[in-house]
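Look at the sequence and the model below.

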Amino acid sequence: MVRPLFRIGAVLNAPAPRPLDTAPHPVIVLPRPLRFGGMPLLDALAARRTSREFSDEDIHLDVLGELLWAANGINRDAEGGRTAPSALGGYEIDIYVLLSTGSYRYDAGAHQLVLAAPFDLRATTGYQDFLSYAPVDLLYVADLNRLQDVPARQRESFAYASAGAIVQNVYLYCASMGMAVGARGWMNRTALAANLKLPVGSSPLLAQTVGHFAHAH
Ligand SMILES: Cc1cc2nc3c(=O)[nH]c(=O)nc-3n(C[C@H](O)[C@H](O)[C@H](O)COP(=O)(O)O)c2cc1C
């Protein structure tokens, strides 16, 4: 039973959640996304790459709103369709947005951030040094209860496929905008689930760090 022991060890070794300097906003309404522009798709594909050198420069709220819309926002208002696919339209991935000013869940329908934990949890998401200063960490959390119509043994792999589609959307948005980004699977899922008080049945699958290139200023 190596896995439970590893998980307990991971909790003990996780950095503590960082208290905030000022009280967080309970809700952050994001500016309406543009839904047009950016690089031609093939140019963005040609530029897509992983970065691990970030500056500590913040991301403007309008860029964060565009990024989250590109990631998994609503692109068909009438039916609530999203920019990333999901098996049977279960849309089982929630994006948690970990900022220096608090940890939020992206509510795609309202296009706003809802406070999940009044802490800076960026450094608790993994083990790489840039996590303490890169401005945004996106955490992809699956709620497998939304995949009731998918056979139980396929739910997790289908959720990983959905998360992978979101990861690529974010890579392409960042390539298009000249921003630094890196997907991350090496992270502390147990500590994150505890710190975010995720409900039973919800589990963090992947993370992705977003910011500006280290040489940008
Ligand atoms: C599922 C997944 C997990 C990953 N986990 C990490 C990670 O924990 N840390 C990291 O630095 N890069 C991580 N990466 C990024 C890969 O290392 C990167 O995509 C690979 O080196 C190829 O480089 P490229 O993205 O620039 O083409 C991950 C990528 C994927 C798809």
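Two strands are said to pair if DSSP finds at least two bridges between them. Helices (H or I, at least four residues) and strands (E, at least two) are DSSP runs, numbered from the N terminus. The model is a predicted one: local features need pLDDT of at least 70, side-chain atom pairs count only at pLDDT 80 or more, and totals for chains, interfaces and linings use all residues. Residues are numbered from 1 along each chain as its sequence is written.

In general, the strands of a sheet pair through backbone hydrogen bonds, either parallel or antiparallel. Here an open sheet of 7 strands has antiparallel pairing and the order β2-β7-β6-β5-β9-β11-β10. At its edges stand β2 (27-29) and β10, each with a single partner strand, so one side of each has no neighbour in the sheet. On average, neighbouring strands of this sheet are turned by 30° against each other, direction ignored. Such angles run from 0 to 180 degrees between N-to-C directions, and the axes are lines fitted to C-alpha atoms, for helices over the stretch in contact.

Consider strand β11 (residues 202-211). Strand β9 (residues 136-143) runs antiparallel to β11 and is joined to it by 8 bridges; V141 has P204 as its bridge partner in β11. β10 also pairs with β11 in the antiparallel sense, over 5 bridges, and V181 is partnered there by V210. How many residues of β11 are buried? The number is 8 of 10, so β11 is largely enclosed by the rest of the structure. A residue is buried if 20 or more other C-beta atoms lie within 10 Å of its own, exposed if 12 or fewer, and partly exposed in between, with C-beta atoms placed from the backbone.

Helix α4 (residues 152-177) packs on the sheet, where it touches β5, β9, β10 and β11, and its direction makes about 10° with that of β11. Contact between two residues means that their C-beta atoms, placed from the backbone, lie within 7 Å. Helix α3 (residues 61-72) lies across β5 (93-99), β6 (102-107), β9 and β11, running at about 155° to β5.

A142 lies in strand β9. A142 counts as buried because it has 25 C-beta neighbours inside 10 Å. The C-alpha atoms of A142 and S203 are separated by 5.4 Å, although the two are 61 residues apart along the chain.

Finally, the ligand. Among the residues surrounding it are R49, Q128, W186 and L206. Strand β10 (residues 180-184) gives the most to this shell, with 3 residues.

How values were computed
Near = placed C-beta within 6 Å.
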